[in-house]
Amino acid sequence: MSSPASAAELTRTDPPRRPGGLLRRRDFRLFWTGETATNFGSSVTSVALPLVAVTVLHASTFQVALLTAAAWLPWLVIGLPAGAWVDRLPARPVMLVCDLVAALLFLSVPAAAWLGALSIGHLLAVALGGGVVSVFFRTAYQVWLPVLLTRSELPEGNAKLQGSEAVAQVAGPGAAGLLASAVGPVLALLVDVVSFLGSAACLLAIRVREPRRVLDRAAAGLRQEIAEGIRFVARDPYLRVLTVFGAVSNLALTGYQAILVVFLVREVGVSPGTVGGLVAAMSVGGVLGAVLATALSRRLGSARAMLVSNLGAAPFGLLIPLAGPGARLALVVVAGVVIGAGTVVGNVLKGSFRQAYVPHGLLGRVIVSMQVVNYGTIPLGALLGGMLGTILGLRPAIWWITGALALTGLILLIGPLRRHRELPDRPALDRT
């Protein structure tokens, strides 16, 4: 198994601080640029792919929801072994392969459309393959960042990456709407292809090299390595509660998001181009969250900031089923902005906490142990949204799902978060 070195032992020594922060650092700037490009492309696809299903293939509500389910199902199927494999492999080559495979997958959609062979089955296969790639990339990305940055730089790095992701989520849906109107949603997917290729080019240009990992393959097999990650999460009071909260909140978030495009088009009567604009406006909250995360952590403490952001934001989801034509569309935007801000603040704080808290040799396995549960509920949420939308109707389904979302923050009050101002920087047993 990987040597149980701590994150501090494998992160780089703190360099002198320079004006401009991490964006003055060439290697971080390249990584940040590649990630921003990929997030923009994926954000375009998040709107373009359902629009292909709805407007080109005339898919049902349930079939559109299946696209979201297929994209997240791999976390349930291969998440745990993927974490162990990433802990054994150098992270950057894993990310490079993922970028190239993803580019080929999404290129196949316009190619199939040009040949007259595009089908719902093809879209589902692409969503599923993209999900497999995402499992490996997201895990390797979390393991790579503590190599690229020092412990003290992780909060700033995570905030900048989350911020650029949020900006991409603002620009991407709007771009998807414009491209769908101008050239059609099928060709809009080419933006994602170019973004993956750009990410690969940026990764190749980074000079920092990951330290070689010492593996004791005789000491532990794959199953034992996986079990170590699961045990670490299950026994830790912070990680355990964060995992349960993430799972339940993702179930509710994905439940309404999986049918949101269909709701806006068929129930509210919004055009495809306007859908992109609305989703973009909702995503502004992610930008605000990334900007506010570090400041909130300093002012309130990281544990309290996590509680405030998640408990306060989720109830705003109840505005979404109140949406209608005209001025009532603003309710969707307000809900999206507040929920997005709270979610990103929580993600920045959780990511920085986990990267500093977990021993580096266990980080990949701990990440996927949490994310298998967190992301594993996403396909279930998508299926739930599709089923409720089909059985109850779109608006009643969103009422039920956002009602459940409003209560999810209460889970965080079960664990030790409510008793502390700051999140710890290492497990209690490691403290001296």
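Predicted model: local features only at pLDDT ≥ 70, side-chain atom pairs only at ≥ 80, totals over all residues.
Student: What is the relative accessible area of E267, and how do I read that value?

Tutor: E267 has a relative accessible area of 39%, and this makes E267 partly exposed. Residues are numbered from 1 along each chain as its sequence is written, and side-chain values use heavy atoms, without hydrogens or water.

Student: What share of the protein is buried?

Tutor: Of the 432 residues, 56% are buried.

Student: Which residue does E267 pair with in a salt bridge?

Tutor: Side chains of opposite charge can pair when their charged atoms come close. The cut-off is a side-chain nitrogen of Lys or Arg within 4 Å of a carboxyl oxygen of Asp or Glu. Here E267 pairs with R395, with 3.8 Å between the closest N and O atoms. E267 sits in helix α10 (residues 237-267) and R395 in helix α16 (residues 394-407), so this pair links parts of the chain 128 residues apart.

Student: How many salt bridges does the whole structure hold?

Tutor: A search finds five. One of them joins the side chains of R25 and E153, at 2.6 Å from N to O. R25 lies in the loop between α1 (7-10) and α2 (26-56), and E153 in the loop between α5 and α6 (154-182), so the pair ties together parts 128 residues apart in sequence. R25 is buried at 13%. E153 is buried too, at 2%.

Student: What about D27 and R26?

Tutor: Their side chains also meet in a salt bridge, at 3.1 Å from N to O. D27 is buried, at 13%. R26 is partly exposed, at 31%.

Student: How do I read a helix crossing, say α3 and α5?

Tutor: The axes of α3 (residues 61-88) and α5 (residues 120-148) come within 7 Å and cross at roughly 35°. This crossing is right-handed. Right-handed means the near helix is turned clockwise from the far one by less than a right angle; left-handed means anticlockwise. The contact of α3 with α5 has 22 nonpolar, six polar and two charged residues.

Student: At what angle do α5 and α15 cross?

Tutor: The angle is roughly 145°, and the axes of α5 and α15 (residues 360-391) come within 9 Å. This crossing is right-handed as well. Contact means heavy atoms within 4.5 Å. On the α5 side the residues include R138, T139 and Q142; on the α15 side they include H360, L363 and Y375. The classes are seven nonpolar, five polar and one charged.

Definitions and conventions
Axes fitted to C-alpha atoms, helices over the stretch in contact; angles between N-to-C directions. Helix = DSSP H or I, 4+ residues; strand = E, 2+ residues; numbered from the N terminus. Nonpolar A, V, L, I, M, F, W, Y, C, P; charged D, E, K, R; others polar. Buried < 20%, exposed > 50% of the residue type's maximum accessible area, 1.4 Å probe, protein only.
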